[in-house]
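Please read these notes with the model open beside you.

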Amino acid sequence: MNKLHVSKENSKMGKVTSVSLTPVVSCPPNVPCSKICYAMGSYRLRQNVRTAWDDNYDFWASDPIGFFTAIDKYLASTKRPIKFFRWHVGGD
């Protein structure tokens, strides 16, 4: 079963809703930053981050339409309006 992990906030951005995918494997091939990827630090150090990002990547890879539909449903179901939404918070 596919599971979407949405972060409601983090220490870097505060209360900004976000969704991330596994770094490096979700990037275009041969991007120069893959060897020094900033996002890999959080990915390696935090099991909960690794699980969430891997689950999101697996969901997207197996069912891209379902993945974006799940995000749309999540955003539509929130009780408070979401002012900001960010993709891939681990690094830019």
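1. Cysteines. A disulfide is a pair of cysteine sulfur atoms within 2.5 Å. In general terms, a disulfide is a covalent bond between the sulfur atoms of two cysteines. How many disulfides does the rule give here? The count is zero. For Cys37, the closest cysteine sulfur is that of Cys27, 6.0 Å away, which is too far for a bond. For Cys33, the closest cysteine sulfur also belongs to Cys27, at 6.0 Å, again too far for a bond.

2. Ground rules. This is a predicted model, where local features need pLDDT of at least 70 and side-chain atom pairs count only at pLDDT 80 or more, while totals for chains, interfaces and linings use all residues. Residues are numbered from 1 along each chain as its sequence is written, and side-chain values use heavy atoms, with hydrogens and water left out.

3. Exposure terms. Buried means under 20% relative accessible area, exposed means over 50%, and partly exposed is in between (1.4 Å probe, protein chains only). Cys33 has 43% relative accessibility, so Cys33 counts as partly exposed.

4. Helix 2. Helices (H or I, at least four residues) and strands (E, at least two) are DSSP runs, numbered from the N terminus. Helix 2 has 16 residues. From first C-alpha to last, helix 2 reaches 22 Å, close to the 22 Å expected at 1.5 Å a residue. The expected span is 1.5 Å times one less than the number of residues.

5. The buried side of helix 2. Which residues of helix 2 are buried? They are Val49, Ala52, Trp53, Asn56 and Phe59. These residues cover an arc of only 125° around the axis, which puts them on the same side of helix 2. The arc is that of the directions from the helix axis to the C-beta atoms. An α-helix has 3.6 residues a turn, so residues three or four places apart point the same way. The cover over the buried residues of helix 2 includes strand 1 (17–19), helix 1 and helix 3 (64–77).

6. Asn56. This residue is found in helix 2. Why does Asn56 count as buried? Its relative accessibility is 0%. Contact means heavy atoms within 4.5 Å. Not counting residues up to four places away in sequence, Asn56 touches Lys3, Leu4, His5, Val19, Ser20, Leu21 and Phe67.

7. The cores. A nonpolar core is a set of buried Ala, Val, Leu, Ile, Met, Phe, Trp, Tyr and Cys residues joined through side-chain atoms within 4.5 Å. The largest has nine residues: Met13, Val16, Ala39, Met40, Tyr43, Val49, Ala52, Trp53 and Val89. Helix 1 (39–45) and helix 2 (47–62) each supply at least two residues of this core. A second, separate core has six residues, among them Leu4, Leu21, Phe59 and Phe67.

8. Leaving aside neighbours within four places in sequence, Met13 is in contact with Ser18, Arg86 and Val89. Val89 sits in the segment after strand 2 (85–87). With 10% relative accessibility, Val89 counts as buried. Val89 and Ser20 are 69 residues apart along the chain, yet their C-alpha atoms are separated by 6.2 Å.

9. Aromatic pairs. Rings of Phe, Tyr and Trp (its six-membered ring) pair if their centres lie within 6.5 Å; planes under 30 degrees apart count as stacked, over 60 as edge-to-face and the rest as tilted. The whole structure holds six aromatic pairs. The ring centres of Tyr43 and Trp53 are 6.5 Å apart and their planes are at 15°, so this pair is stacked. Tyr43 lies in helix 1 and Trp53 in helix 2, so the pair ties together parts that are ten residues apart in sequence. Ring pairs also link Phe59, Phe67, Phe68, Phe85 and Trp87 into a cluster.

10. Tyr43. At 13% relative accessibility, Tyr43 counts as buried. Beyond neighbours within four places in sequence, Tyr43 is in contact with Thr22, Pro23, Val49, Arg50, Trp53 and Asp54.

11. Positive phi. Val24 lies in the loop between strand 1 and helix 1. Its phi is near 70°, a positive value in a residue other than glycine. At 31% relative accessibility, Val24 counts as partly exposed. Asn30 has its place in the loop between strand 1 and helix 1. Phi of Asn30 is near 60°, a positive value in a residue other than glycine. Asn30 is exposed, with a relative accessible area of 75%.
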